[in-house]
Each structure stands twice: as C-alpha cells, then as structure tokens.
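Q: I have a structure to read. Where do I start?
A: Start with one kind of contact, then move to a helix.

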Amino acid sequence: MIAFRISRPFRGGSVYKKLPMNPSSPLRNTTEKEHQANVAFVPSLISILGSQICTRSPNYTCGVTRLPTIPSVYSGRACNTERYLSTISMTSSAPKFAIDLAALRKEYSSHGLDLHQVPSNPLDLFQVWLEEAAEAKLLEPNAMTLATATKDGMPSARIVLLKGYDHRGFVWYTNYNSRKGQELKENPNACLSFYWGELERTVRIEGVVSKVSDAETEAYFKSRPAKSRLGAWASNQSQPIESRKALDEKWLQLQKEYFDADGNEIKPIERPPHWGGYRLRPKLIEFWKGREGRLHDRISYTRVGEIIDGDDGDEPLEAHWNAVRLQP
C-alpha cells in the first residue's frame, strides 16, 4: 500500500516510493488502486508548498528528493500528511488541492444599485458605504489595497489604511522610502480598492498621487499613539534586515531612550523626515455590488475637469462627475 505515486519521469526515470503509513491514518484501508489514482510530481509539490511547516507531520523522502512538511488545511485539527498528500493529484504542472477552488462560489443578493438613484457626487455614496461598513463592525473597514507600478509598468500591491478623504482625494500615511514610496516617486499613477465582502461591495478608485502638506502630516503624526510614532523610527521599511532579533533589539533600544520604566514618554518623538502622507486625487471611482447570477451592478464615475478648491475649502469650483453603468 502506498500513499502516493509519481508517474512522471524523475531524475532519469519514473520513481516509485512506498511511504510509511501511520496505523491510525484514515487511508490504512485504502486499496493500492485507489492510491494510484492520486498522482503527485514531487518537484512541483516542493515548489508549491515551499517552506510551510506542520510540526506534527513527518518528513518523507522520494529518491534523493526530500518532501517538505505539509501545512494543515483542516482548521482546528492536527495535520495528517498522508491524508493531505492523498488529496493531491498533479497530472501536469497545474496542482489540484483538497479544496476545489473552481467550486467555491457565493450567490449574491437581489439588492443592487440604480444609476438613476445614486448621488451625482461619488464621494457621497462612498461616505454612505464606508459608514455602513463601520456600523456592520467589519474588520478595519478603512483598509484598502494600494496598487502602484514602476516607471516600466511592473505592478505591486499592499494593504494600507485610509486616514482621511474629501473632494481633494483619499489620504494615507507611510514611509516615503518604502517600495510604494519609491514607485510613486517615479510613477504617480495608482489605484485604491476597498473590499467589504460581507456587504457584497467593492469600491475601486484610480488617480494620481501626491504628498500631502507638511502641516497635514504633522497634525496627523502628533495624533498617533506614542509607540506608533516611535515605530516610524524603528523600521527602514522595505529594506532587508538580518533577523527579527535585530529589529526587536532596535525597538527595545528606542523604547529605553524615549520611555521610562512605566512606559511614559520622557523625550519628544519628532516625525521622521522620511515619513508622511499621500493623497490620491481620483479620476475614476467605480462602485460594485454583487447581484444574483453574477449579473453584478457596476456604476463608474469619471471626473470631468480639474478640482479647484473653493474659498471655503469645502467644494471644488470646477469639477463634476459623469456616471455610467458598466456591464459585469
């Protein structure tokens, strides 16, 4: 009885390896014919699973190639390597795992968006959706994906937190020397995306990014908790470091310098010159609402004209939005 089988040429020929079987394994009564239906190509398996570790699982070897320990896919249960391996079938370079990703789907509600009932200004609708996400107690409703790109068009994305918005745009704060900061320096075009899955809603915002004023950055920095302000000094964001220990030691040293034994601030924490805010000035804002049968609602607003702040600082003098419905 074998736990899995390699049917593709490996190091000059097909290799078969009988693996030790745990007597308590649910596979102990499985026939060899059933096992042979589970085909795995070890090098591909290693490259896919990488260095994920399940300490309760043994290491297996096939020929001279060592199989990595297998991560648990059963929440709250001990990882069973044989059972996990038996669910993997790889007849090509594309893996098939225990979870059938193609079968994962959600049916959305019938409630949607009507182009003739949405507000003329997309910021009004965004405010309603953000407030409803907060009222629904979603985890960090102000979390958004920030997508940037190099001058050559190589994209990257990460999660940041929205810290303010108005007719001028959407604001977040970060390290200017980070990867996103360097990419925005050479290519200011970017995109933000909010995902509120429980509400079946997403918002996508495209535009051009610039730094916020020093006054805005200073005001926000001073409003942060002391340890958050100090953390801006502790990390050279996106730069390599030899170990977690080195980062922790730097953090501890800074705490000794700025806090007393009771955690009280004994030395003013100034804003680092490499830390501050960005604002994305939107050119396009799209609202997506899940609907039945995958016929989702998409309402896209495109800005017409440039935004020029009014004397009262509340509304732009020249700018309006054109809204259209897009096919899903």
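A: A polar contact is a pair of N or O atoms within 3.5 Å; within protein, one must be able to donate a hydrogen and the other to accept it, and residues adjacent in sequence count only if both atoms are side-chain atoms. Here, the side chains of Glu265 and Arg229 make such a contact, at 3.2 Å. A polar atom of the Glu265 side chain also lies 3.3 Å from the backbone nitrogen of Ile269.

Q: What kind of model is this?
A: It is a predicted model: local features need pLDDT of at least 70, side-chain atom pairs count only at pLDDT 80 or more, and totals for chains, interfaces and linings use all residues. Residues are numbered from 1 along each chain as its sequence is written, and side-chain values use heavy atoms, with hydrogens and water left out.

Q: Is Glu265 buried, exposed or partly exposed?
A: Buried means under 20% relative accessible area, exposed over 50%, partly exposed in between (1.4 Å probe, protein chains only). Glu265 has 35% relative accessibility, so it counts as partly exposed.

Q: Which residues of H4 are buried?
A: Helices (H or I, at least four residues) are DSSP runs, numbered from the N terminus. In H4, the buried residues are Pro122, Leu123, Leu125, Phe126, Trp129, Leu130 and Ala133. They cover an arc of only 155° around the axis (taken from the directions from the helix axis to the C-beta atoms), which puts them on the same side of H4.

Q: What caps the N-terminal end of H4?
A: Asn121 does: one of its side-chain oxygens lies 2.9 Å from the backbone nitrogen of Leu123.

Key: Helix = DSSP H or I, 4+ residues; strand = E, 2+ residues; numbered from the N terminus.
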